Amino acid sequence: MLESLIEILQLIFSVSFILTVVTASTPLLLAASGELVVERAGVLNLGVEGMMIVGAACGFAGAYMSGSVFVGALCGILAGAALAAIFGILTLGLAVNQVATGLALTILGVGLSGLIGARFVGEKIVPAARLDLPFLTGMPVVGRILFGEDAFVYVSMALMIAIWLFLYRTRAGLVLRAVGDNHASAHALGYPVLRIRMLAVLFGGACAGLAGAYLPLAYTPFFIPGMTSGRGWIALALVVFASWRPGRLVVGAYLFGAVSILGLALQPLRLGVPQQLMNMLPYLATVVVLVLISRTRGTAGSAAPASLGMVFVPDR
Amino acid sequence: MKKWNIVAMAAVLAVAAGTFGGVYAAEKLKVGFIYVGPIGDLGWSYQHDVGRKAMENALGDKVETTFLENVPEGADAERAIEQLARTGHKLIFTTSFGFMDATLKVANKYPNVFFEHATGFKRANNMSTYAARFYEGRYIQGQIAAKMSKTGVLGYIVSFPIPEVISNINATMLGAQSVNPNMKVKIIWVNSWFDPGKEADAAKALIDQGADVLTQHTDSPAATQIAEQRGIHSFGESSDMIKFGPHAQLTADTDYWGDYYTKRAQAVLDGKWKSEDTWGGLDSGMVVMAPYTNMPDDVKKMAMDTQAAIKSGTLHPFKCPITDQDGKTVECKGGTHLDPGQILSMNFYVKGIDDKIPGK
Amino acid sequence: MQLVLERRAERSTVIAVASPLIAVALTVVTFAVLFAIMGKNPIDALSVYFIEPLTDAFTLQEIAVKATPLVMIAVGLSLCYIANVWNIGAEGQFLVGAVCGSWLAVRTNGTDAGYWVLPVMLLLGALGGALYGLIPAICRVYFGASEILTSLMLVYVANLGMDYMVRGPWRDPQGLNFPTTAAFDPVASVPTLFEGAGRLHAGSVIALIIVMLVTVLLGRTIMGFEIRLVGAAPKAARFSGFSANRLVLFTFAVSGALAGLAGIIEVAGPIGHLDPGVASGYGFTAIIVAFLGRLNPVGILIAGLFLALTFIGGEGAQISMKVPLDLTKVFQGILLFYVLACDSLIVYRIRLVRTVRKAIPAHA
């Protein structure tokens, strides 16, 4: 028993494990960051999985045809944003129910990605390069973790900081949060609620597209239909798990990434825990966290932005 | 007299043509394929499709093929198979274990259509089974792994604990142990035939835990790709994955179904199709080893010698005595080696595997 | 000049009736265009998708078989959605129902049990689904946690749980270690209606009965009235003394029960045993069906049949026109978009107006 514990600790604190967790968590972090902004603005977009997978297909297609990972990433971003635009037109322009539209978006996205990506299955590309600074990357322990990642990882971290700054240190961010908390008052104060939400939705789509593109451009450099494997849904859970706060989102993303890797990595250690149970952990954890954070907010309800998911039609 | 003989012969031929040839000779033979995954999986379903195309090439105008991919193994499978049967397909291949009951049900409803089910064990007058003796290729891989590994640890990425997977693990380890009796294996179950992200994660975890040769019983090239990235060696699975691991891949045990498919379609065309159970291996060309690469010449020679020995029958991967991991000797029903029934229902690990079969 | 959305004074009945037809027409047109781009003859394609499956007894039965679980689950979901309660976990409730009902089938497998087995299985399935559905409801009522996310997370938990049971304790002992239970005995199977001539089974009859029952529930009972009121005017409902919490629990329990029932019927009927392949997304497709049917039981029946038609047609298209199955998903997504968009026009209208410049306030 003690041996197993030592083995587990050795595993968790090894550089390679941390590296693996960082890369596994990056798509979650990217997609959840975008969705966080969207939900802070009061919109619930359940179509993250659809946008991610379209981003994966278009991202790979772009990279394959142009030979550049950067171009591929751009294609992924645009694809995600385009799909988000459809969502925005329906939910913001036509005041359609957000839950239904988000689900339709997921199904549409999965189908589209299959159609677009079919031509590219079986091809390979040169994956995104990793940073290799002369002195820094070679440093023991932290060298590769901090200075040896690929661009997507750094973008995800920079994005998180940028979002935090935006939401809490800029006026625009304040307005966005206000729109999410009480769209009627925000409208009364003269803020263009729908336009702000649309911008947020597009941003969310772009992030989801980038997150999806990460998979075939850096994680496993080939495209196969369905390669997002439900990460979009996990990203949605993450936003809630993080109580819509950027700092907690980072913790949550890496936690989820770690648990899912552990579910695999602990198997050879023969702890006797069925792997289905291990794989259930992230989801059960989310439910528990959801219950806990909602309780602490009192009987008034959940910790979500108060206008989340509610239809808004400005009266004139 | 002679004239009557000729007339009689002509009459018999006409009747025969009517019975056997009527539907077949005039039109093309329609052959249907049901795949459980996408043909783009570069693994299992992809290889079946390669086989389909090979059959088309071989038989040209005489056949017309249809395939359905991504058919889930639930209620939809039965409908998909039945749709093929109803739309004039006379020979239908269902390429995954999970289609077994559905295939049988449809076979019972359409006695004039011939069904071929891969990796199953239920048959009927119009339903055959076929599978490949992948374990032969695994034995060779095990030997190569033992020679090439410096840490003595093999990393094995697997999908589900079904007998085929278990027997393959055992065969690999028996091969490895024949070179290095202390060879170890670390096994990770990803619970899916096909999940590139998870397979990549499992590969990384195995490498982190000391494995320096990877093998898999899943369908995507993710592990090969990680092996290439990390500078270690790997074996491709189902199809040749050298494209994804030019420096990593040692070999791959690829499935080659083309000859079998051509043979069976030809049998239908000739009116000679019978329900059979086919289990082809290296000898019949159903299992083909990808070129041996990234290894020193002596290892290559060893591999080729073993391959020849298995092909000719002088070496059987499951030759007795076989000891299971509890130390008991396994009953040897095939004389000098385990018999096919035992291999097909294998539910134990051989000695030297330091793990437990999940769910036991 | 800009386009704005304006609430209508009254819901437009013209559009209410025409909207599904407009939506379908728009989808068909979009599709014809898509097919043309893909180089296929649009008329042929549309015929294969929509007409051919209707011309044949076999495919007609298959449409009913495919639609049965969709309609059953969607009807339950509609109760939730009308009350503004968002049950996204129907897939998980479907699986839990399948597992609970299958427990009895596995236990009595091979024994000489009587005809009581199937009804009890169905009951267990409904009960299991209801209890599983109550979890997100309780989390919302007592803890304020979002039922969208709790119900969704529980889908994954249910999936993994079923996977564990089928690969472990319930594995068919004769099945050579393959992850499937033994085939269900005849007493544990849902009977087909036309022996040997098609897969149409008693489950479809049950689905029809449920549609009728829920129509009555919504239209003629106090409970139904409460559900509709809570969704449309929550404040008014509160003033009338209706407990929103009670309704959350009730609707989740009922929709969970229906999803669970659909699960065990599907497993004990067309599939015939429990294996990991059972989870094929019915719970999520049913959400689409609920919206396509505009949360109305009869509408759901029609929508379910229509969607099942597109599934069957999509398979036929794969066979005869080599059209990929992804196209069916694209079609369903686009159809839902158009339906939602057209439905929005029942309540709102679009107007082109001059942008009003805000008066610059005079500063002191």
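Two residues are in contact if their C-beta atoms, placed from the backbone, lie within 7 Å. Where pLDDT is low, the predicted coordinates should not be read in detail. Chain A averages a pLDDT of 85, and 96% of the residues score at least 70.

This is a predicted model, in which local features need pLDDT of at least 70 and side-chain atom pairs count only at pLDDT 80 or more, while totals for chains, interfaces and linings use all residues. Residues are numbered from 1 along each chain as its sequence is written, and chains are lettered from A and ligands numbered from 1 in the order in which they are written.

Between the chains, 30 residues of chain B are in contact with 26 residues of chain A. On the chain B side, the elements that give two or more residues are tabulated below; helices (H or I, at least four residues) and strands (E, at least two) are DSSP runs, numbered from the N terminus.

| Element of chain B | Residues |
|---|---|
| β7 | 184-189 |
| α7 | 196-208 |
| α8 | 222-230 |

The largest share of this side, 9 residues, comes from α7(B).

Within chain A, the axes (lines fitted to C-alpha atoms, for helices over the stretch in contact, with angles from 0 to 180 degrees between N-to-C directions) of α4 (residues 69-93) and α5 (residues 98-117) come within 10 Å and cross at roughly 155°. α4(A) is therefore roughly antiparallel to α5(A), a term for angles over 145 degrees. A:Leu83, A:Ile86, A:Phe87, A:Leu90 and A:Thr91 in α4(A) meet residues of α5(A), including A:Leu105 and A:Gly109.

Conventions. pLDDT is the predictor's confidence in each residue, from 0 to 100. Angles under 35 degrees count as roughly parallel, over 145 as roughly antiparallel, 65 to 115 as roughly perpendicular and the rest as oblique.
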